[in-house]
Amino acid sequence: MLLKEARKRWQEADGNPQESSGTMDSDSQLELEPQEETENALVTHSSDEALYCEADAPSTMEKEKTAWENSETDLETEDDEKLYTTGQRELYLEACKLLGVVPVSYFLRNMEEPYMNLNHHGLGPKGTKAIAIALVNISDNDLGLEGAKIISDFLQRNISSLWKLKLSGNNFKEESAALLSQALSSNYQIKKMNLSHNQLSDTGGEQLGQMLAINVGLQTLNLSWNHFHIRGAVALCNGLRMNVTLKKLDLSMNGFGNEGAMALSEVLRLSSCLVYLDISGNDIGNEGASKLSRALEYNESLRVLKLFLNPISMDGAVLLIMSIKKNPKSRLEELDISNVLVTEQFTKMLEGVYAVHPQLDVLYKAVQGLAEKKALFLCKNPMKLIQSCDTRVSGFSQSYADTNNITMLDFFKSLNPTGAMEMTVGDFRKALLQQNKVRLNHCQIRDLVKRLQQKAGTVNFSFFK
């Protein structure tokens with residue numbers, strides 16, 4: 001977060017006295033490529049006039065974002081070991097040039113330091129704004145059209161190793177969407193872009209759709225919490241049908257309804273690269289679920305489909321799961337319909353789906369009429385079951401445990417044919433269902449995934465070392 005003084009000066013430069021809006025940090029998530037995650041912040045100094053920048057020390061471990069979502073550093077380069085990089089330096093110099101201010105040499109010299117005191121450097125409103133734009137965190141700063149122009153011009157020069165931009169909550173509207181779309185139509189180095197919590201509407205959707213049709217670099221795009229309706233969703237999908245690189249798309253909390261779902265179904269039917277799609281909170285009903293289910297009968301790439309907070313009933317849920325069952329090549333690992341109340345009949349149908357696709361996990365709200373005691377029994381702590389199996393109960397005989405010196409780590413490593421410490425979530429679920437040492441249901445397997453998932457899409461057994 002920016003220091004209050006920095007925000008105040010910036011807003012004075014814009015003539016905007018209001019605070020910028022906040023963003024929602026979601027992301028449960030599969031990450032498609034390794035990265036280092038470092039959070040950076042500005043904190044206050046004891047002097048009211050001081051600008052005091054402080055950042056956590058960089059980690060040397062490579063990490064991936066957990067469970068597909070965003071707790072991500074806002075600007076990243078492919079050299080993960082540099083907290084502040086030439087990309088950020090270039091962005092600062094570009095911002096200074098376009099704002100007509102002289103770069104602060106002290107700031108440039110100390111960009112790699114964990115903190116700096118910018119008191120008595122005569123920054124002024126525009127100088128402060130140039131620094132704010134260059135800071136690692138440029139979300140929630142109301143950059144607006146002027147900030148979009150600076151970033152767009154910088155990206156079009158293609159001189160940086162920058163590969164991730166998080167620009168959520170910056171009051172970007174149609175003009176900003178046009179500028180950023182123009183930049184990404186020629187800059188293919190940016191792999192991840194977060195434009196959530198902005199003011200993008202259908203015209204912005206048309207511009208972004210045109211960009212997606214020709215961009216061959218972008219892999220992750222977050223457009224959640226904007227204002228895309230039918231026209232914007234259709235335009236985005238027109239571009240997506242021609243796109244061959246985008247793997248993760250978040251369109252949650254917009255409002256494009258069944259018509260938007262119909263356009264997306266055409267994308268899913270043809271796509272061979274999209275693996276994650278979040279369309280939660282878009283007023284999609286059973287009609288839209290029906291369209292999507294027909295696409296799922298053919299799709300061979302999608303691994304996660306989130307439909308939470310849509311008005312889908314159990315009838316729509318049945319269409320979705322049966323379409324997955326019909327597709328022997330489906331790779332779907334998670335279907336989130338967790339606001340849908342189902343019946344025991346649905347769970348029996350779901351068991352048939354799991355028999356065909358043991359890697360799949362379907363999240364629903366609850367089973368109607370299921371006794372509380374039975375529900376608690378179904379979700380009994382899986383670790384305790386495996387631990388009891390670790391000695392002499394529930395699956396392993398005492399002689400087997402004694403002979404083979406079975407431990408928790410041995411049990412989990414035995415699930416992996418290679419004996420490695422990591423497995424994909426889908427393979428882990430499949431192996432747990434197919435092994436006969438300890439009987440576990442999907443609720444318990446889901447619990448294990450949560451406990452062992454250190455990075456997106458994989459579980460790691462090093463916890464048991």
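The axes of helix 10 (residues 286-296) and helix 11 (residues 314-326) come within 8 Å and cross at roughly 5°. Axes here are lines fitted to C-alpha atoms over the stretch in contact, with angles from 0 to 180 degrees between N-to-C directions. The two helices are therefore roughly parallel (angles under 35 degrees). Helices are DSSP runs of H or I of at least four residues and strands are E runs of at least two, numbered from the N terminus. Helix 10 makes the contact (heavy atoms within 4.5 Å) through residues including Asn286, Leu292 and Leu296, and helix 11 through residues including Asp315, Leu319 and Ile324.

This is a predicted model: local features need pLDDT of at least 70, side-chain atom pairs count only at pLDDT 80 or more, and totals for chains, interfaces and linings use all residues. Residues are numbered from 1 along each chain as its sequence is written, and side-chain values use heavy atoms, without hydrogens and water.

Now the aromatic rings. The whole structure holds eight aromatic pairs (ring centres of Phe, Tyr or Trp, its six-membered ring, within 6.5 Å). Phe412 and Phe461 are stacked (planes under 30 degrees apart), because their centres lie 5.5 Å apart and their planes meet at 25°. Phe412 belongs to helix 16 (residues 408-414) and Phe461 to the segment after strand 14 (458-460), so the pair ties together parts 49 residues apart in sequence. Phe412 is buried at 0% relative accessible area (buried means under 20%, with a 1.4 Å probe and protein chains only). Phe461 is buried too, at 0%.

Phe412 also stacks with Phe464, at 4.9 Å centre to centre and 15° between the planes.

Terms used. Angles under 35 degrees count as roughly parallel, over 145 as roughly antiparallel, 65 to 115 as roughly perpendicular and the rest as oblique. Rings of Phe, Tyr and Trp (its six-membered ring) pair if their centres lie within 6.5 Å; planes under 30 degrees apart count as stacked, over 60 as edge-to-face and the rest as tilted. Buried means under 20% relative accessible area, exposed over 50%, partly exposed in between (1.4 Å probe, protein chains only).
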